[in-house]
Amino acid sequence: MYIICGRQLNREMKAILGLTVLLVVTGLLLLYYFSSRRKRTARLVRDIPAYSRLKRAVGLAVESGSRLHISFGRGSLIGEQSAPALVGLSMLERITRAASVSDKPPLATAGDGALAILAQDTLRSAYRLVGVESQYDPNSGRFVGPATLPYAAGTMPVIDEEQVSANVLIGHFGSEVALINEAAERKGCLTVAGTDDIAGQSVLYATVEESLIGEEVFAGGAYLGAGPMHDASLRTQDILRLLVVIVVVIGAILKLFGLDTFIIQLIPGGLR
Amino acid sequence: MKAPVSTAVAIAVGILILLGYFIPIAALLSLRVVLVQWAIILASFALLVGIINLMRVHWAKLRKGGINAVYSAILLLSLLATIVVVGFFGPTNVWSVWIFNNIQLPIESSLMAILAVVLLLAGARLFRRRLDLFSIVFIVTGVIVLLGTTPFFFIGDIPGVNILRSFIVQVPAVAGARGIIIGVALGTIVTGVRILLGSDRPYSG
């Protein structure tokens, strides 16, 4: 990650680069957040079929009295794989609020104890927000298994036994997600799924109707109307992506013409 | 804890840990280490709470009865037996290792074998579900990589397939994977900042 022209950045340069990225992201987020609050303009986002189908599935589940199942994968909350699960928690909150009038409240499963507790907490606060806290069932946020295959084995019966009509799998999944999708396929459920794992994404592409690729996983909050900060996130990601593309293209051109040593000379003492 | 207080504590701890990564001040570094250790201890307790939750869910299923109650009974009995054996004798004792080698490992191996078949079926089903250019590219690439990785019975390596496989794995696959990883990294950064700003509060704040 911290390698430029085949040389490694030293600690100070890493710190400066990291802080710069952090400040740029924070600045862009706040800028877009406040500008969207002031202008109140209509959002212009491209259609992601997975989220459109998910919104329809929430409505259908409420009407048909079936259940929605949200699963956060087997990533740990304190690990680097927690980010998609945190997006999943935002989506759980939105879905629970939308489905709060249903006879069958949404179910959340996780392969990490802390995530299971947060899922319970999110479910309870979503019910509290819509004024139906009495509907909250602590067993609707479940810990299913701490490792890869036990997690899959624990999630499959949930889909099979709990009258689930749609699954949302947002979190850290590997190839074991195929077993969960197979259970969903057998029950005829819609599955919308996204992960940060490359192998998991290829499995999802082959096994689910609606898979989320790359950064689409992190757009869930914005597409489900979780607030202006989530919209600002999308715009920030677009700008950052553009910056990355520019840097990559410039780097490729410099390398092509043998000018990469020029960069090293620009950063005296920064590379070793 | 009241919502604004918990939010303030979460944001402050997040910022302190982040600054510990960037600013090399000894006090900040040691504070970061202590806070991360607390997080690890809390995560361990969360696992314990998770296991209690698992037992509660399956106890409720068992009490409800029905055809699937037997699975919940097996799970509860296995869980309790494992806790007793490993808790009493220790994780490296011959009985604990016997449970792992003769129950856990074969079951997981069987699931892995099922997973291989499920993935094969999923590949075949992809054509039925989504017959488009990308699906064709996906399947054809998968077949080429498979043929280039494992030689055929009696035939051995197919000439040219190895070279094609190496090209696919080293050039387009790496390029695509890097694109996806960059997208995921940007999403992760933005999600982290949103939580640091207190906009997303997964802790009921």
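**View 1. Pairing of β4 and β5 in chain A of a predicted model.** Strand β4(A), residues 107-110, pairs with β5(A) in the parallel sense over 3 bridges. Strands are DSSP runs of E with at least two residues, helices are runs of H or I with at least four, and both are numbered from the N terminus; two strands pair if DSSP finds at least two bridges between them. A:F143 in β5(A) is the bridge partner of A:A110.

**View 2. The open sheet of chain A.** The sheet has 6 strands in the order β5-β4-β3-β6-β7-β8, with parallel pairing. β5 (141-143) and β8 (210-212) of chain A are the edge strands, each pairing on one side only. From one strand to the next, the twist averages 15°; angles run from 0 to 180 degrees between N-to-C directions of lines fitted to C-alpha atoms, for helices over the stretch in contact.

**View 3. Helices α6 and α7 of chain A.** Helix α6(A), residues 177-187, lies across β6 (164-172) and β7 (190-195), running at about 170° to β6(A). Helix α7(A), residues 198-207, packs on the sheet and touches β7 and β8, at about 160° to β7(A). Contact means heavy atoms within 4.5 Å.

**View 4. A:F257 in chain A.** A:F257 is found in the loop between α9 and α10. The residue is exposed, with a relative accessible area of 58% (exposed is over 50%, buried under 20%, partly exposed in between; 1.4 Å probe, protein chains only).

**Notes.** In this predicted model, local features need pLDDT of at least 70 and side-chain atom pairs count only at pLDDT 80 or more, whereas totals for chains, interfaces and linings use all residues. Residues are numbered from 1 along each chain as its sequence is written, chains are lettered from A and ligands numbered from 1 in the order in which they are written, and side-chain values use heavy atoms, leaving out hydrogens and water.
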